Amino acid sequence: MKKMMLAAVGLTGLLASCGTSGVAPDGSGSARVVDVKTEYAVQGTSPARYVGCDMVNSGTNMSTTTQVVVRFAAAGSVQSVQVTLRGVTNTSASDSVTINAANLTKDSEGYYVAVFDFDSAQGNVLPASIIVTPTQPTIRPVKAVSVNTADRVGAFYADLLVKTSTSSIAISSRGLGTTDVYSTCYGATAQPLSR
């Protein structure tokens, strides 16, 4: 009977870890993905539709960076979190960063926040262009952009591996939706040409 109960508990933990929330198999913690946002939102969308941009053309300036913010809730003795952004059509097109508990911050709502920048200037595109820094960057304000459907080059989602002192919890934002990526986004002062 005890073996069946242990197997059921283990299976429950394994199945739960496949979604947006999960529990460590040994009960040492639990976690769930709250949301994934970027610093760019499509102008006029409500609720905001966040996008990744390999290049942002604002008329006078060009930018090749996109900041990604992954918020998650966790209980238990969190030691670190590994965040992997995966391409939807090509899951091998991914990049990850591990953030130790000492470097994790919480927002005003009490959620953990994993913040990192992508830079596509070196020929890498989202999601395979994480800039790893020893401390998390400051969250930048959201900027309105416009996009052309023809410029959509893919989408990504976040997989998290939350490590406790004795186990780990695998969760994913895929169930919450994906973030579209565009080769070019247009800032408030630059408008896309009609196609």
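Is Arg71 buried or exposed? Arg71 is buried, with a relative accessible area of 12%. (Buried means under 20% relative accessible area, exposed over 50%, and partly exposed in between, using a 1.4 Å probe and protein chains only.)

## What you are looking at

This is a predicted model, where local features need pLDDT of at least 70, side-chain atom pairs count only at pLDDT 80 or more, and totals for chains, interfaces and linings use all residues. Residues are numbered from 1 along each chain as its sequence is written, and side-chain values use heavy atoms, with hydrogens and water left out.

The predictor's confidence in each residue, pLDDT, runs from 0 to 100. Here the chain has a mean pLDDT of 81, with 76% of its residues at 70 or more. Watch out for residues 1–18, though: pLDDT stays under 50 there, and the model gives that stretch 9 contacts beyond four places in sequence (a contact means heavy atoms within 4.5 Å). Where pLDDT is low, the predicted coordinates should not be read in detail.

## Arg71 and its partners

Back to Arg71. A salt bridge here is a side-chain nitrogen of Lys or Arg within 4 Å of a carboxyl oxygen of Asp or Glu, and by this rule the count comes to 10. Arg71 pairs with Asp35, with the closest N and O atoms 2.8 Å apart. That pair links distant parts of the chain: Arg71 sits in strand S7 (residues 65–76) and Asp35 in strand S2 (residues 29–38), 36 residues apart. (Strands are DSSP runs of E, at least two residues long, and helices are runs of H or I, at least four, numbered from the N terminus.) Asp35 is buried as well, at 17% relative accessibility.

Arg71 also meets Glu109 in a salt bridge, 2.9 Å from N to O. Glu109 lies in the loop between strand S10 (105–106) and strand S11 (112–119), so its pairing with Arg71 in S7 ties together parts that are 38 residues apart in sequence. Put together, Asp35, Lys37, Arg71, Asp107 and Glu109 are linked in a network of salt bridges.

## Another salt bridge: Lys143 and Glu39

The side chains of Lys143 and Glu39 meet at 2.4 Å, N to O, in a salt bridge. Lys143 is in strand S13 (residues 143–145) and Glu39 in the loop between S2 and strand S3 (40–42), so the pair ties together parts that are 104 residues apart in sequence. Glu39 is buried, at 3% relative accessible area, while Lys143 is partly exposed, at 34%.

## The disulfide

The structure holds 1 disulfide, defined here as a pair of cysteine sulfur atoms within 2.5 Å. Cys53 and Cys185 form the link, with their sulfur atoms 2.0 Å apart. Cys53 belongs to strand S4 (residues 50–53) and Cys185 to strand S17 (residues 185–186), 132 residues apart. The link is left-handed, with -90 degrees about the S-S bond, and both cysteines are buried.

## The largest pocket

About 280 Å³ of space lies in the largest pocket. Of the 17 residues that line the largest pocket, the closest to its centre are Val36, Leu176, Gly177, Thr178 and Thr179. S2, strand S14 (152–164) and strand S16 (179–182) each supply at least two lining residues, and the largest share, 4 residues, comes from S2.

As for the rules, a pocket is an open set of points on a 1 Å grid over the protein atoms alone, where a 1.4 Å probe fits, with protein on both sides within 12 Å along at least five of seven lines; lining residues have an atom within 4 Å of a point. Grid points are joined across faces, edges and corners, and the volume is the space filled by probe spheres set on the points.
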